[in-house]
Amino acid sequence: MLKVKSVHTYYGSIHALKGVSLHVRPAEMVALIGANGAGKSTLVNTICGLMKPNKGIIEFQGESIQGIGPEEIVRRGIALVPEGRQIFSTMTVEANLEMGAFIHRRNGRQVESDMERMYERFPILRERSQQLAGTLSGGEQQMLAISRALMSRPQLIVLDEPSMGLAPLVVKEIFRIVQELRREGRTILLIEQNARAALQIADRGYVLETGKLVLQGDGATLLNHREVQRAYLGKGARQIWDA
Amino acid sequence: MTPRDWRIFVITALFIGFFPWVVQPVKAISHYVDVMVFAGIFTIVCLGISLLMGYAGQISMAQAAFFGIGAYTSGILTARFGLNPWAAMPAGALLAALVAWVVGIPALRLKGHYLAMATLGFGVIVHIVLSEEVAWTGGPSGMVDIPGLQVVGLKLKSELGWYYLVWTVVFLVLLFCFHILHSRVGRALRAIHEEESAAEAMGVPTARYKVQVFVLSAVLASLAGSFYTHYVTCLNPSSFNLMWSIRFILMVMVGGMQSLWGALLGTVLMTFVGNEWLHVFADFEVLVYGAILLLVALFLPKGLVSLVPRRAAARSI
Amino acid sequence: MDSFTFGAALLQYTISGLTIGVIYALVAIGYNIIYNVTEIINFAQGEFVMLGGLFAVFFTQTIQLPVSAAFFAAVIVTGCVGFAMERLVIRRARSSTVLSLIIITIAVSILLKGSAMFWWGKNPYSLPAFSSGRPFIIAGAAVQRQAIWIFAVSALVVICLTFFFRRSAYGKAMLASADNPSAARMVGIPVRQMILLSFTLSAAIGAAAGVSITPISLMEYDRGALLGLKGFGAAVLGGLGQFFGALVAGMVLGLAESFCAGYLSSGYKDAVALVLLLLALFFKPEGLFGSREAAKLKKF
Amino acid sequence: MEEISKSPAVPILELREVQMQFGGVTALRGISYGIPSGIIQAVIGPNGAGKTTLFHCVSGLLSPTSGEILFRGRPIGGLLPHRIAELGISRTFQHVALFKSMTVFENVMLGRHPRTRSGFWATGLRFPSMRREERRIAQEAMYYLDFVGLADEAELPAGALPLGKQKILEIARALATEPSLVLLDEPAGGLNMRETEELGDLIRRISETGTTVALVEHDMNLVMEISHRVLVIHYGEHLATGTPDEIKDHPAVIEAYLGEG
């Protein structure tokens with residue numbers, strides 16, 4: 001469904017992605033893990049059109065999409081739940097959802113029924129529908145960000161660090177939601193630094209390190225791979241954690 | 001100053017020194033000396049703008065107001081109170097410094113558009129005061145019969161005398177500014193421009209420095225205003241309105257904000273353009289100004305000096 | 001004039017203050033719309049007001065349109081000027097520094113002012129009032145019919161805008177672009193178009209203010225800057241981006257100015273609004289009505 | 001190492017119930033902790049746990065919503081960052097915040113700011129005192145560049161350095177302020193393995209000069225190798241603290257970092 005072929009992206013003078021290739025098949029959940037500064041965000045931004053790759057090919061459903069602006073990429077069917085949530089904090093929860101469906105704005109009935117479904121999924125959002133989104137708690141904001149992305153009826157959902165900055169219980173809740181999405185048969189690219197949680201629910205995973213993919217494989221294999229812990233926790237960490 | 005700056009300094013000084021010798025004998029351009037006196041006076045203002053806006057990154061749309069404060073203080077103290085112009089000049093500078101300090105402390109907490117609007121509003125207020133306080137300033141019709149300058153008891157009559165006096169001051173100010181830039185103060189100013197919070201975290205009292213460089217630019221504008229007053233010996237508030245603040249900024253922008261040489265080059269160039277060639281447009285001169293401003297801001301935001309390849313930079317990369 | 005008592009004078013100043021205040025509010029709303037979407041403060045905002053007035057003069061006197069038609073024609077033409085400004089100038093300045101952006105909008109304002117002088121000369125022009133008839137006399141104070149029109153136009157603008165931003169998808173999309181441009185792009189909002197729309201809309205509103213005020217206070221090529229500054233004062237005082245705040249703050253400024261002109265000195269009436277602007281910027285830059293909380297949310 | 005961490009030294013920095021709130025999100029929920037003088041203190045925790053916010057509060061870029069911060073027993077909460085730098089706390093930034101168009105040398109020279117004095121008059125008129133001071137600044141800046149190993153790049157614009165060297169330059173700039181406590185915000189972020197090892201050596205050498213080092217870091221290997229004590233923050237709360245050995249066996253930490261097993 002999504003194919004990224006040897007993509008190079010520069011972030012200012014920094015060579016942030018050094019030839020990354022990966023793919024996501026329909027109805028598959030793929031996890032991308034890696035330490036801070038490994039280039040995960042650059043990869044997400046490159047896929048979603050916020051940054052242009054300097055070299056390489058990105059294909060979505062057989063069409064090349066590199067260099068296309070993010071407005072158009074949503075229309076092609078990729079929705080991003082961005083790192084740090086990026087909700088419209090000065091607008092109400094309801095308006096946030098409505099904006100999520102901006103590309104379907106002419107289809108009022110569909111938007112309304114989709115919104116109803118989001119409220120059913122997350123009753124707390126219905127309760128707060130008239131509140132400013134910025135006054136929500138971190139976990140509620142994350143739910144809002146996910147619902148907003150779903151409102152565009154995407155074929156592929158890119159989740160960028162959904163557990164960031166959330167309390168352990170809330171993280172669990174968010175992962176439950178992600179798992180649910182996967183069970184519904186949605187295609188998901190999950191970027192996480194919570195390696196274990198991500199790999200446990202993913203079909204396959206990739207490990208990114210200083211701009212390069214160093215490992216790939218199915219979730220369970222990666223989970224037990226010593227290199228994963230090395231990539232994420234640094235060299236020798238395995239001994240420390242296993243000691 | 002770097003060796004390169006010294007070389008340019010010497011060449012510029014030689015050029016300025018010999019300029020009247022070349023142009024004065026030629027009748028058609030002998031008045032260029034007069035134009036250059038104005039150019040020198042404006043350069044003093046523009047060096048301040050370069051420090052304030054180009055290096056420290058703080059926007060001021062009020063430089064004409066400080067220019068006016070100096071001009072009117074000199075004018076009023078000498079014409080109405082018979083004070084010696086050389087004594088009136090520091091008085092004007094002091095007043096400008098005081099005003100800049102009082103306005104600058106709250107204003108420079110603002111950034112970008114807000115700071116621009118605040119200084120712009122302040123500039124308009126000063127202009128209104130100059131036009132309204134008829135008893136002091138003569139109101140919209142201005143002041144006449146302001147005494148000229150005397151140097152060591154001799155009345156400075158000729159344009160040539162003025163020329164050398166003003167350009168000596170310009171070079172002294174230029175040295176002063178260069179010395180500041182190549183010191184801990186200059187580095188702090190540039191740091192504020194680039195990464196204000198990092199500068200603050202490295203121990204630069206950013207608020208104080210911003211106010212200080214604002215005061216310095218006001219003092220320079222005020223000094224220039226005093227020279228202007230005694231040179232033209234008459235005053236009119238329309239020389240100190242918003243349009244003049246914009247003209248000063250345009251001068252610096254044309255040459256290059258982030259270079260003292262750019263400020264000097266741009267000021268001389270734009271003074272000639274304004275005095276010599278835009279007259280044909282008469283009232284529509286302002287349209288031409290607008291167009292130049294727009295084109296420079298869009299296509300040459302770093303000014304003419306950015307067209308000169310910098311050998312040092314080329315070597316370093 | 002004998003019957004012109006203290007009370008009547010006070011009322012008279014209040015009415016004229018409110019009238020001009022509403023105009024400032026409209027200018028302020030123009031700033032707010034552009035600021036909301038781009039965080040640019042458009043220094044050419046005042047020129048839109050001037051252009052509105054002068055275009056209306058052109059349409060009534062040269063083209064001989066009735067005033068009502070001239071009103072809409074002037075608003076539309078000025079809206080096009082705003083459109084052109086964004087398309088031809090602002091869009092090219094996408095990667096400019098704040099200073100360059102400021103200079104660019106100032107340059108546009110100089111160009112608009114210069115062109116207006118080229119076209120209409122330096123004389124002030126008047127426009128017939130939207131409806132003829134003698135002023136209403138209320139408790140000894142005269143209320144010109146045009147003043148009523150000004151209030152009506154402002155009310156209409158405010159209602160339409162409220163509806164637009166609260167109800168329509170485009171209005172909300174503009175707010176979303178303002179709130180978080182990159183997130184807005186990620187949900188498919190064409191942020192560039194929103195910016196274009198904001199310039200057009202804001203020019204049109206400025207023009208509406210300009211046409212409305214011209215029958216009362218005439219219009220000439222160089223009125224823009226001061227109207228713009230005072231409108232900006234209202235925008236800051238009301239909290240940049242706040243429509244209701246702009247309305248109240250505009251009236252506060254208008255009243256302050258009118259009372260200053262009436263009781264202190266007419267020469268300093270222009271300074272009053274500016275002093276209030278500076279005080280607001282220095283001591284309460286979030287404005288009287290802009291909430292600190294919302295400002296914080298925005299930053300976060 | 002062990003001796004330092006176990007000695008009941010007077011904390012150089014003490015946090016008391018520090019809380020920080022933005023809108024509906026609470027970034028710090030009452031952190032209390034003391035950093036003993038002279039050690040290398042690591043602060044770890046998942047992204048968004050509040051580590052950088054904590055550094056911002058200590059260095060004065062944010063003032064905490066409530067709570068107290070004491071530096072050598074003196075309250076510094078709410079002081080301006082430049083005052084805090086003068087008192088002896090310096091820092092680096094997670095997203096490198098160098099003065100990019102200034103040279104490497106000038107960046108470090110700027111770090112000498114809180115320890116030098118010449119103002120506008122002295123510099124503009126080139127007083128002899130100022131010239132002496134400038135010479136001293138240049139010498140000292142060179143010393144710090146040598147210390148971190150960037151002397152060869154002194155004349156390059158800081159923005160032209162590769163990321164790894166930019167991070168090192170930021171450390172040199174911070175050291176030039178002569179801090180008694182230096183805060184390093186993810187110094188190894190984006191560095192490759194060799195660079196990270198060199199960074200570890202550098203941090204040790206800084207510690208040997210008597211400067212207390214606090215670092216936020218994700219590279220667990222680096223943290224475990226060089227730090228004397230580790231503070232774990234999770235969701236704005238103080239989750240655990242101890243020596244690296246104690247931390248690595250801490251069940252709550254393992255869960256926070258790896259998710260439950």
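Modeller: Let's start with a term. A residue is called buried when its relative accessible area is under 20%, exposed when it is over 50%, and partly exposed in between (1.4 Å probe, protein chains only). What you see above is a predicted model, in which local features need pLDDT of at least 70 and side-chain atom pairs count only at pLDDT 80 or more, while totals for chains, interfaces and linings use all residues. Residues are numbered from 1 along each chain as its sequence is written, chains are lettered from A and ligands numbered from 1 in the order in which they are written, and side-chain values use heavy atoms, with hydrogens and water left out.

Colleague: Let me try that term. Is C:Asn180 buried or exposed?

Modeller: C:Asn180 has a relative accessible area of 12%, so it counts as buried. For its place in the chain, we use DSSP runs, numbered from the N terminus: helices are H or I with at least four residues, strands are E with at least two. C:Asn180 belongs to the loop between α6 (169-179) and α7 (181-186) of chain C.

Colleague: Which residues is C:Asn180 in contact with, leaving aside its neighbours within four places in sequence?

Modeller: Contact means heavy atoms within 4.5 Å. By that rule, C:Asn180 touches A:Gln86, A:Ile87 and A:Phe88. Looking at whole chains, 5 pairs are in contact, and chains B and C share the most contacts. Chains A and B, on the other hand, have no contact joining them, and their closest C-alpha atoms lie 13 Å apart.

Colleague: Can we read a whole helix in this way? How many residues of helix α1 of chain A are buried?

Modeller: In that helix, residues 40-47 of chain A, 6 of the 8 residues are buried, so it is largely enclosed by the rest of the structure. The buried ones are A:Lys40, A:Thr42, A:Leu43, A:Val44, A:Thr46 and A:Ile47. Just past the end of α1(A) comes A:Gly49, with a positive phi of about 90°.

Colleague: And a strand residue? Where is D:Ile44?

Modeller: D:Ile44 is part of strand β3 (residues 40-44) of chain D. With 0% relative accessibility, D:Ile44 counts as buried.

Colleague: Now for charges. How many salt bridges does the structure hold?

Modeller: The general idea is that side chains of opposite charge can pair when their charged atoms come close. Here a salt bridge is a side-chain nitrogen of Lys or Arg within 4 Å of a carboxyl oxygen of Asp or Glu. Over all chains the structure holds 39. In chain A, A:Arg25 meets A:Glu28 at 3.5 Å, N to O. A:Arg25 is partly exposed at 44%, whereas A:Glu28 is buried at 6%. Chain A also has a network of salt bridges linking A:Arg121, A:Glu173, A:Arg176, A:Glu180, A:Glu184 and A:Arg186.

Colleague: Which residue forms a salt bridge with D:Arg136?

Modeller: That partner is D:Glu140, with the closest N and O atoms 3.7 Å apart. Both sit in helix α6 (residues 128-148) of chain D, and being 4 residues apart they are separated by about one helical turn. D:Arg136 is partly exposed at 40%, and D:Glu140 is partly exposed at 21%. D:Arg194 is exposed at 52%, while D:Glu198 is partly exposed at 44%.

Colleague: Last topic: rings. How many aromatic pairs are there over all chains?

Modeller: Rings of Phe, Tyr and Trp (its six-membered ring) pair if their centres lie within 6.5 Å; planes under 30 degrees apart are stacked, over 60 edge-to-face, and the rest tilted. A search of the whole structure finds 45 such pairs. One has B:Phe66 and B:Phe214 with centres 5.6 Å apart and planes at 80°, so it is edge-to-face. B:Phe66 lies in helix α3 (residues 63-79) and B:Phe214 in helix α10 (residues 206-232) of chain B, so the pair ties together parts 148 residues apart in sequence. B:Phe66 and B:Phe214 are both buried. Chain B also has an aromatic cluster, with B:Phe38, B:Trp162 and B:Tyr228 among its members.
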